[in-house]
Structure formats: structure tokens, C-alpha cells
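Subject: Structure handover

Dear colleague,

Here is the structure for your files. My notes on it come after.

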Amino acid sequence: MQRCDTPLLLAATRCAIVLAEALGWSAATLTGVFYGLKVVLDGHTGEELVLLSEVRERVRPRSHSSATRIAEVLAELELLHDDTTAAIRTWIDRRTGELPAGFGRDVRAWLVVLLDGDARTRPRSHATLRVHFGIVRPFIECWAATRGHLREITSGDIDNVLEPLRGHRRHNAIMALRSLFRFAKRHGLTFADPTRHLSGGRGAGRTVLPMTAEEIRAVEQAAVTPAQRLAIALAAVHAARPKAIRDLTLDDIDLPGRRITLAGHRQRLGELTRNALLAWLGYRHATWPDMANRNVLVSRVSALGTGPVSPDYLDKHQLRGISLEQIRRDRILQEALVTGADPLHLALVFNIDHTNAMAYVNAARNLLSSPAEQALSRRPK
């Protein structure tokens, strides 16, 4: 602090120390922030805002400095102006730019409306955008061999790409294609909606099937890290959604009372989840002993702040070929099979709406009345 040659740098240094104590920054991180602040604030008087793009440009060559932490200090001092394009918009531009000519501009416009919303569309999450684009991209690349624009796509083209799909993959593809072509029709990009003939509403075409013995063994063998074991335990025992897992905080856990609250739903904390939780909390404390983040799951990045881990964090910890959502669905289906397919019981235990509860009940009844029941009875517990 004795080397701070301007009042602005001195104020920023003091602010960095306060943030470091509150958020549990390491000494190395704080040192990097000091160096970065000196570089970024060189020539600034405090009368004008510091551009975020300028922070990133000046700090990037210095490996010991953190642009994110420096930006937090400047934001705390109300000296930061974010002049950068949001990461999701950069992603949209990059991915739609990779599409065949004639399709990219319209698909980009669709994704932007999903992101921002309009008079008839509510904004969707970044995860929804990525999933929808990931679904329609191979279809567009297939159509591009004989078609040059969305307006040339016919109902037959839609049926051809959907024909090999079954279960929830088909359902998700229908939802994404409907969204794209309804947007295109509404904005005059197509003359007709080629998905109009597709039948079924929520859950249409979705087949809920139990996980196979091979998939269960794969989960048991692949769950090796404390974070993986905790996420899988929450999905397999409590049918927790990925967002509920990311949003779980220390305040939601009552270890003495053996209770856990997921997405506002209080449940009993079983032995499997409790053991996975204790193993993760031990690893968490050993890795980030002075952390101020109250979220249970933390990463190297989120440990320096107070927010939850990103959706990408859970994606990286999912098992190859088996998602947390698949494990979650299997848990609800098994409960329906064991309890006699009671929708009220499923709604109360897993905090799901009646539509979802009935979907699992119908799937369970179909399985119980089919030869698959014998296979389920031989399934490993």
C-alpha cells in the first residue's frame, strides 16, 4: 500500500483487501489483483469509468493477475463499465456462423429471441438455447444437402429426421423444431409451419424406461470423485434436478436432524446421501478452507465468489452416456413401480406436478403389465 502513488490506486487496493477477506481469496490471488490494479488504473484519474474490455486486454498478458477479480474490485468502487458482448451472444454468433449458408441468419434470429424474449415469447435459459441448437444443428446440416433455406423445408423433411428417434430424444427434437418453425412462420421467414402436423403436447412421445443393469454398473464404476458421488446421490436418492443440485446451500442441510431441502422441498437425509455429503464437505474444506461461498458445490472459479457453480460444471461431472436427468427419472420410475403407481405419492415425495406424476404412473403401469416386469425383478439393487 505504500507503493500506491495515486489516491485511486490506494482506494482500489483497500477495497481489494476487504473483498479478499470477505470472499476468502488466497494470498496469491490478492497479490495478482494488486499488480493488475496498478496496470489497469495507470493513467486513470477516477473521473471516467474503466472499460471491462480494457481490463481484460491489459491483464491478459500477465498470468499472475485475474481479470475477473480485478473487475469485481472496480465494480465495488462503481468504476467499471461492461462494454463487452455477453458470452452467450458471442456463442450464438460463433455457432450460427458455422451453419450452412442460407440457414445461419434465421437460426441466429431465433436464438436471440429465445434469449431476450419478445411480446409472445418469454426469455429462455442459456441451457435451453444450447440444447435446442444442439438438437436442430444436425437436422439443418442434413437438409442443406438439398435445401437452401428454412422456407424450403417440408413436412416430409421433418418426418425423415424424426423417424429414427424414440422416447425423450424424439420429444425433445419435436419441441426444438416446433420452436424454430413457429418463430420462422411468425416472422415471415417461412410460408408455412412444417411441424404443424406433429401431434402431442407436453411429454408426447416420451417413453420412460428404467435404467439397464449395464447402465447401473457404469454409474457405480465411473463415480469416483467426491463431486460426482454427491451429484449422483442427490439425483438417485432424492430425484434432484441439476439446477437444484447447483443451488443447494449449506443452510439447506441439517446434518444432526438428518434433513435436506432441495428446491424448497424438505426431505429426509438418507445414509447414502449423508456419506457422500460428508465426503464432499471434507474435500471442500481441505481445498478452500477460508471460502465465503455458502453453496455446497463449488469450483475453482466459484470458490472466489458467492454464486453457484455454472451448468457446465455439472456437465463435466456427468458420466459418459448417462446424465443426471436420466438417473433422476429412473429414481421416480422405481418409486412408482414399488408403491403401486400412486400419482399423489410421487407428487408429494418428489415435489413434481400432477402431469409429470401421471406420466411416470402410466409408464409404471405399462411396465407392470408387460414382460418387462420380470426383468425388473432381477435388476440389481
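This is a predicted model: local features need pLDDT of at least 70, side-chain atom pairs count only at pLDDT 80 or more; totals for chains, interfaces and linings use all residues.

Residues are numbered from 1 along each chain as its sequence is written, and side-chain values use heavy atoms, without hydrogens and water.

Helices (H or I, at least four residues) and strands (E, at least two) are DSSP runs numbered from the N terminus. Axes are lines fitted to C-alpha atoms, for helices over the stretch in contact, with angles from 0 to 180 degrees between N-to-C directions.

H11 (residues 226-238) packs on H13 (residues 271-287) at about 155 degrees, the axes being 9 Å apart. H11 is therefore roughly antiparallel to H13 (over 145 degrees; under 35 counts as roughly parallel, 65 to 115 as roughly perpendicular, the rest as oblique). Contact (heavy atoms within 4.5 Å) involves residues including Leu 230 and Leu 234 in H11, and Trp 280 and Tyr 283 in H13.

The axes of H11 and H15 (residues 324-338) come within 7 Å and cross at roughly 30 degrees, which means that H11 is roughly parallel to H15. Ala 231, Ile 232, Ala 235, Ala 236 and Val 237 of H11 meet Leu 324, Ile 327, Arg 328 and Arg 331 of H15.

An open sheet of 3 strands runs in the order S3-S4-S5, with antiparallel pairing (at least two DSSP bridges between two strands). S4 (residues 259-262) and S5 pair over 4 bridges, and Leu 262 stands opposite His 265 in S5.

Regards
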